[in-house]
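Trainee: Could you take me through one part of this model up close? I'd like to see how a single spot ties in with what surrounds it, and then hear about the rest.

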Amino acid sequence: MLAILIHFFLVWKKIIYSYTSLATFSYHKALGRTAVGPAHGSLSIIDNRTKRTYRIPIVRNAVRALDFRQITAAQQGADVVDQFDNGLRIVDKGYLNTACMESSITHIDGKRGHIQYRNYSIEELFEHNDYEEVIHLLIWGKLPTPVQKQILRQKLVAEMKPHPCVVDVIHSFPPESLTCPMILAGLSAYASVDEGTRATHSKGEPQYLGKGNTVDEAVIRTLSMLATTIALVYCHKRGRFFSPARPDESFIGNVLLMMGFLEPGTKRPQPNRKVEKCFEQLWILYADHEMTNSTAAFLHAASTLTDPLSCCITGIVSAYGPLHGGAIDLAYKEFETVGTPENVSTLIADVKAKKQRLFGYGHRIYKVVDPRTKFIRQLMDKHRDEVQTNPLLKVAMEIDRVAGEDPYFTSRHLKANADLYGCFLYTALGFETDIIIAMASLSRTPGVLAHWREAMGQSPGLWRPQQIFTGAVVAPNQAQT
Ligand code: ACO
C-alpha cells in the first residue's frame with residue numbers, strides 16, 4: 001500500500017513539475033529569453049541566535065511573511081518591546097518588497113518593459129481594441145462580444161445621472177477652487193445617497209464580499225458616478241454647459257459630451273470625435289498598472305468591507321499626491337517656471353544638488369523605458385500640429401535630452417514616465433492642466449475596480465500592517481497621561 005502511495009506521489013510530482021516547467025518555459029519563450037530556474041522550492045534558514053533551522057516553502061518565487069512567525073528566540077531578559085512572543089517580524093518600510101495580493105489581472109515586467117492585461121499584451125490591445133472592450137477585459141476577464149459591449153455601455157450610461165445633491169455640493173465651491181477636493185466632495189455627496197453605501201453602513205452583513213452581482217452593479221455605479229462628478233466639476237470650473245450622457249455614445253464619448261468637449265458645428269451636441277478617438281487608445285495604456293500606491297490605498301480601505309465609492313475617494317486622495325499622479329501637475333508647473341530650453345541647465349543643477357526632485361521622472365517599477373511611452377509618442381505624432389503649438393514641449397524635450405545623457409539620471413535609471421508624455425496630449429487636445437490628474441484617475445478606475453472585484457471574490461481580511469516600536473517602554477503604572 002505504502003509503495004503504491006509513494007508511486008502515485010512521485011508520478012504526481014513529475015506531472016506538476018513538468019506542468020510548471022512548461023508554463024515557465026512558454027512565458028519565457030514568449031518574452032524571447034531563457035528561464036533561469038525553478039520558481040518553487042524552499043528556503044532553509046539558520047537562526048544564529050538559537051542555532052535552530054527552519055524550512056520555509058517558496059511558491060512563485062515568494063515566501064509567506066506568516067511562515068516567519070515560527071522563528072522565535074525568546075529568552076529570559078528579552079525586551080518585551082521586541083515582541084519575541086510573536087516570532088520573527090518582517091520590516092518593509094514603504095512596501096519595497098512586499099506583495100499584498102494575489103492577482104490575475106495585470107502583469108508588468110519592469111526590467112524588460114512588458115505589460116499585459118489578462119492574456120493580452122498591451123501592444124495587441126492598443127492596436128486592435130477600444131477602451132470599453134478593455135474595461136470588460138480587465139473587470140470580467142474576457143474581451144466582450146458585441147452584445148456584451150452594448151450591454152456594458154447601456155449600464156454605464158444609465159448610472160451617469162447628476163444627482164441634485166452632487167450638483168449642489170459642487171456648485172457650492174468657488175469655480176477657481178482646487179479640482180481634486182471638489183471631486184472628493186462630489187463623490188462624498190454621491191456616497192451619501194448611494195443605496196449600496198447606505199446598506200454597507202446600516203446592515204450588519206457584508207454587502208459585497210462574495211456577492212458577485214452586487215459587486216458588478218457597484219463597479220458600474222462607481223465608474224459612472226466618478227465620470228459624472230469629474231464632468232460636473234469641469235463644467236462648473238469652466239462655466240460650461242453639462243450635456244447629459246446618451247446610450248448611443250461610448251463611455252469616453254459620454255465623458256466628453258458631459259464635459260462639453262463637443263464636435264464643432266453639429267445641431268445635436270456630439271462628443272469631439274478627434275479627442276474620443278485619441279482617448280480610445282490612450283486610456284487603454286492607463287487602464288491598469290497592477291498594485292500602484294492608489295490601487296493599494298483603494299484595496300486597503302476595501303479590506304474594511306466599506307463601500308467602493310468611499311474606497312474610490314481614498315484611491316483618488318493617494319493618486320493626487322506629489323510623488324504619485326500629482327507629480328504630473330507639478331512637472332508641468334516646473335516647465336512653466338523654466339520657461340525656455342536655455343533655463344533647463346539651472347533646473348538640472350538644482351535637481352542634482354538634491355534641492356528638488358524632477359517631477360515626472362523616475363518610477364518604482366520601470367528601470368528601462370516605460371513600454372507605454374512609444375505608444376504615447378505615436379499618438380503625439382498623430383496630433384503633431386496641436387502638440388507642437390505648446391511652447392513647453394521644447395522645455396520638456398530639452399530636459400529629456402539632458403536627463404538622457406547625464407550620469408545622475410542614467411545611473412539611477414531615471415526616465416520620464418508615461419504620464420508625463422500623456423500630459424502633452426491632454427493639453428494639445430484642449431484640456432487645462434488642472435483637470436489632467438482627474439482624467440488620468442478616471443482612465444485608471446476600471447483597473448482599480450477590477451482589483452476590488454477580485455478582492456471581493458477572495459477573502460482578503462482586514463489589512464493591518466505593523467510597526468517596529470523604537471521608543472522607550474515605560475511600565476504601565478509610570479505611563480504619562
Ligand atoms: N528627481 C531627482 N532624483 C530622483 C528622482 C527624481 N524624480 N527620483 C529618484 N531620484 C533619486 C533619489 O534622490 C535617489 O538618489 P540617491 O540614490 O542619491 O539617494 C535615487 O534616485 C533613488 O530614489 P528613490 O526615491 O529611492 O526611488 P524610488 O524608485 O523609490 O522612487 C519615485 C520612485 C517616487 C517615483 C521617484 O522617482 C520620484 O520621487 N519621482 C518624482 C515624482 C514622480 O514623478 N512621480 C510620478 C511617478 S509615476 C505615477 O505615480 C503616476
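Mentor: Val-81 is buried, since its relative accessible area is 14% and the cut-off for buried is under 20%. Keep in mind that this is a predicted model. As for where it sits, Val-81 belongs to the loop that runs between strand S2 (52-58) and strand S3 (106-109). Setting aside neighbours within four places in sequence, its contacts are Arg-89, Phe-469 and Val-473. The C-alpha atoms of Val-81 and Ala-472 are 8.5 Å apart, although 391 residues separate the two along the chain.

Beyond residues up to four places away in sequence, Met-397 touches Arg-377, Met-380 and Tyr-421.

The loop holding Val-81 leads up to S3, and S3 pairs with strand S4 (residues 114-117) in the antiparallel sense, over four bridges. In that pairing His-107 is opposite Gln-116 of S4. The S3-S4 hairpin has four residues between its strands, and Gly-113 has a positive phi near 70° there. S4 also pairs with strand S5 (residues 120-121), again antiparallel, this time over two bridges. Gln-116 turns up here too, with Ser-121 as its bridge partner in S5. Two residues lie between S4 and S5 in their hairpin, and Arg-118, in the turn, has a positive phi of about 50°.

On the polar side, His-324 has a polar side-chain atom 2.6 Å from a ligand oxygen atom. Tyr-408 likewise places a polar side-chain atom 2.8 Å from a nitrogen atom of the ligand. With Tyr-361 the backbone is involved: one of its N or O atoms is 2.9 Å from a ligand nitrogen atom. On its own the ligand has 920 Å² of accessible area, and the protein covers 73% of that.

Definitions and conventions. Residues numbered from 1 in each chain as written. Predicted model: local features only at pLDDT ≥ 70, side-chain atom pairs only at ≥ 80, totals over all residues. Heavy atoms only, no water. Polar contact = N/O pair within 3.5 Å; in protein donor to acceptor, adjacent residues only side chain to side chain. Areas by Shrake-Rupley, 256 points an atom, 1.4 Å probe, with all protein chains shown as cover. Contact = heavy atoms within 4.5 Å. Buried < 20%, exposed > 50% of the residue type's maximum accessible area, 1.4 Å probe, protein only. Pairing = 2+ DSSP bridges.
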